[in-house]
Amino acid sequence: MIAAKDNTHYFTPEEYFAWEEQQLEKHELIDGQVYAMSGGSVNHGRIAIRFTAMFDSHLENTGCITGNSDIKVNIVGTNHYTYPDVSVTCDERDKNSTKHITYPCLIVEVLSKSTEAYDRGGKFRMYQNNPELRDYLLVSSTSVEMDLYHKNDSGDWLIINYKPGDTIQLKSINLSFPIEQVYRNLNLELEK
């Protein structure tokens with residue numbers, strides 16, 4: 001989640017990495033500007049944890065890396081760095097990086113009122129620069145619903161809307177699961 005612009009200094013990636021190591025909170029880097037990340041709700045955090053655990057278990061012994069919101073993603077061909085809620089990379093080019101990954105095949109963003117427009121718009125447009133990205137999953141924290149942006153074999157992005165009773169299909173990591181698995185025991189009314 002992005003909060004307000006933190007300052008007017010323009011950072012190079014190297015300056016950004018060194019500066020952020022000294023900060024108490026995380027920041028995204030877009031167009032040389034840093035943006036402080038705001039905290040999420042309890043449901044937001046629980047949903048993100050469930051995805052991270054599910055993906056990590058499913059991908060055990062595959063060589064893929066499941067990342068939580070502490071792992072930066074470099075937008076391909078730019079000096080932009082974001083913190084998605086969950087990411088998965090199976091790309092060899094990401095295996096030896098200690099600062100960030102660049103080629104995730106799957107990104108999950110748990111939506112909040114303050115970031116939903118950005119996650120659906122500008123952030124998704126940036127992520128589309130990644131030739132390896134196949135699935136971009138937007139997850140509601142206020143109701144049982146998810147929107148999957150899936151890139152098909154022709155390179156077209158399809159939007160699939162999921163609701164209660166549906167089975168989510170993430171072709172990027174060959175995983176299917178019932179939507180209710182993510183929302184079990186959550187009080188969604190608290191978020192509205």
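Predicted model: local features only at pLDDT ≥ 70, side-chain atom pairs only at ≥ 80, totals over all residues.
1. A residue is called buried when its relative accessible area is under 20%, exposed when that area is over 50%, and partly exposed in between, using a 1.4 Å probe and the protein chains only. With 0% relative accessibility, Tyr-16 therefore counts as buried.

2. Residues are numbered from 1 along each chain as its sequence is written, and side-chain values use heavy atoms, with hydrogens and water left out.

3. The protein contains five helices and 13 strands, where helices (H or I, at least four residues) and strands (E, at least two) are DSSP runs numbered from the N terminus. Its C-alpha trace spans about 50 × 40 × 30 Å along the principal axes.

4. For 192 residues, a compact globule would have a radius of gyration near 16 Å, and the protein's value of 16 Å agrees with this; the radius is taken over C-alpha atoms, and the globule rule is 2.2 Å times the number of residues to the power 0.38. Of the 192 residues in the protein, 50% are buried.

5. Contacts, meaning heavy atoms within 4.5 Å, can also be sorted by separation along the chain. Among those between residues at least 6 apart in sequence, 55% join residues at least 24 apart.

6. The structure holds 11 aromatic pairs, a pair being two rings of Phe, Tyr or Trp (its six-membered ring) whose centres lie within 6.5 Å, with planes under 30 degrees apart counted as stacked, over 60 as edge-to-face and the rest as tilted. One of them joins Tyr-16 and Phe-17, whose ring centres are 5.5 Å apart and whose planes stand at 45°, so this pair is tilted.

7. Tyr-136 and Tyr-149 also form a tilted pair, because their ring centres are 6.0 Å apart and their planes are at 55°. Since Tyr-136 lies in strand E9 (residues 135-139) and Tyr-149 in strand E10 (residues 146-151), the pair ties together parts that are 13 residues apart in sequence. Tyr-136 counts as buried at 0% relative accessibility, and Tyr-149 is buried with a relative accessible area of 10%.

8. Which residues do ring pairs link into a cluster? They are Phe-124, Tyr-127, Tyr-136, Tyr-149 and Trp-157.
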